[in-house]
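Good morning, and thank you for coming.

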Amino acid sequence: IRFAWSPVHADVPTPAAVFRYLMVVLIVSLLVMIGSGLYKPRRDKSFLLELAEILKSAAIIWVILIVVFYYSLEVRFTRGMLAIFLPLMCAFMILERGAFRATLRAFRRRGWNLRHALIVGTGRLGQSTLLRLEHNTWIGIRVRGFIDTHPEITRSAVRNVPVIATVDCLKDIIEREKIDCVFVAIPHFHL
């Protein structure tokens, strides 16, 4: 980006130089975002927490790039270019993450990209957990069944979700049914 009203008239970098700079930006960005945990699954985290990580990563990337470009490149960037880079980078990273989350939500509404879960406990706390998971479909967790805490199964279903087994069979059920996560919904006085 060059500004026509800028008093500094520097040469436009060659395509090869632009490609080199782009590679530096991509490598630094990738390393910083991996280091800050932006590429870890965040199925159950809010977008606001991710937004804070995006802004922090963008600021770190910006500072590193200023240092790298200042000491290693033959073509200097103007202050205007560096000043506009940070808000543009933040905006595009936020837009990319928002579009990615929207796409994942659309997939999950259609039944794709789901994680399967069990809920240990058939009481009020277990039912409350089920309702919260069903209400928040965007996280993509489908409850496959309940695990009863009694020595024998006392109910066949809870809110139209089957009671699969007792706690004694939990490990076998997890392996056989390929369960991704287990929610323990037992009041503290039962532990």
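Predicted model: local features only at pLDDT ≥ 70, side-chain atom pairs only at ≥ 80, totals over all residues.

**Aromatic rings, cores and selected residues**

Let me begin with the aromatic rings, where the count comes to one aromatic pair. That pair consists of Phe107 and Trp112, and its geometry is tilted, with 5.5 Å from centre to centre and 55° between the planes.

Which residue lies over its face? It is Arg97, at 5.3 Å from the ring centre. Arg97 belongs to helix 3. Is this arginine buried or exposed? Its relative accessibility is 9%, and because the limit for a buried residue is 20%, Arg97 counts as buried. Beyond its neighbours up to four places away in sequence, Arg97 touches Leu38, Tyr39, Phe47, Glu50 and Ile54.

Now to the fold as a whole. The protein chain has five helices and five strands. In sequence order, the pattern reads α-α-α-β-α-β-β-β-α-β. The chain has 191 residues, and 32% of them count as buried. Its accessible surface comes to about 12800 Å², and carbon and sulfur atoms account for 64% of that area. If we take the contacts between residues at least 6 apart in sequence, 67% of them join residues at least 24 apart.

I turn next to the interior. In soluble globular proteins, nonpolar side chains tend to be buried together. Here the largest nonpolar core has 15 residues, and Ile61, Leu65 and Met93 have the most contacts inside it. Which elements give two or more residues to this core? They are helix 1, residues 15–35, helix 2, residues 47–72, and helix 3, residues 79–109. Helix 1 gives the most, with six residues. Apart from this core lies another one, of 13 residues, including Ala117, Ile119, Phe146 and Cys181.

Ile61, leaving out residues up to four places away in sequence, touches Val28, Ser29, Val32, Met33 and Met89. Val32, for its part, is found in helix 1 and counts as buried, at 12% relative accessibility. With its neighbours within four places set aside, Val32 is in contact with Ser57, Ile60, Ile61 and Ile64. Val32 and Ser57 are 25 residues apart along the chain, yet their C-alpha atoms are separated by 6.4 Å.

A word on the cysteines. How many disulfides are there? The count is zero. Two cysteines deserve mention for their burial: Cys90 has a relative accessible area of 12% and is buried, and Cys181, at 16%, is buried as well.

Let me move to Gln127, in helix 4, which covers residues 124–135.

Finally, the backbone. Most residues other than glycine have a negative phi. Which values do we find at Asn160 and Lys178? Phi of Asn160 is near 65°, a positive value in a residue other than glycine. Asn160 lies in the loop between strand 3, residues 157–158, and strand 4, residues 161–166. At 78% relative accessibility, this asparagine counts as exposed. Phi of Lys178 is also positive, near 55°. Lys178 lies in the loop between helix 5, residues 170–177, and strand 5, residues 181–184. Its relative accessible area is 63%, and because exposed means over 50%, Lys178 counts as exposed.

That concludes my presentation, and I welcome your questions.

Terms used:
Residues numbered from 1 in each chain as written. Heavy atoms only, no water. Core = buried A, V, L, I, M, F, W, Y, C linked by side-chain atoms within 4.5 Å. Buried < 20%, exposed > 50% of the residue type's maximum accessible area, 1.4 Å probe, protein only. Helix = DSSP H or I, 4+ residues; strand = E, 2+ residues; numbered from the N terminus. Contact = heavy atoms within 4.5 Å. Phe/Tyr/Trp six-rings, centres within 6.5 Å; stacked < 30°, edge-to-face > 60°. Lys NZ or Arg CZ within 6 Å of the ring centre and 35° of its normal. Areas by Shrake-Rupley, 256 points an atom, 1.4 Å probe, with all protein chains shown as cover. Disulfide = S-S within 2.5 Å.
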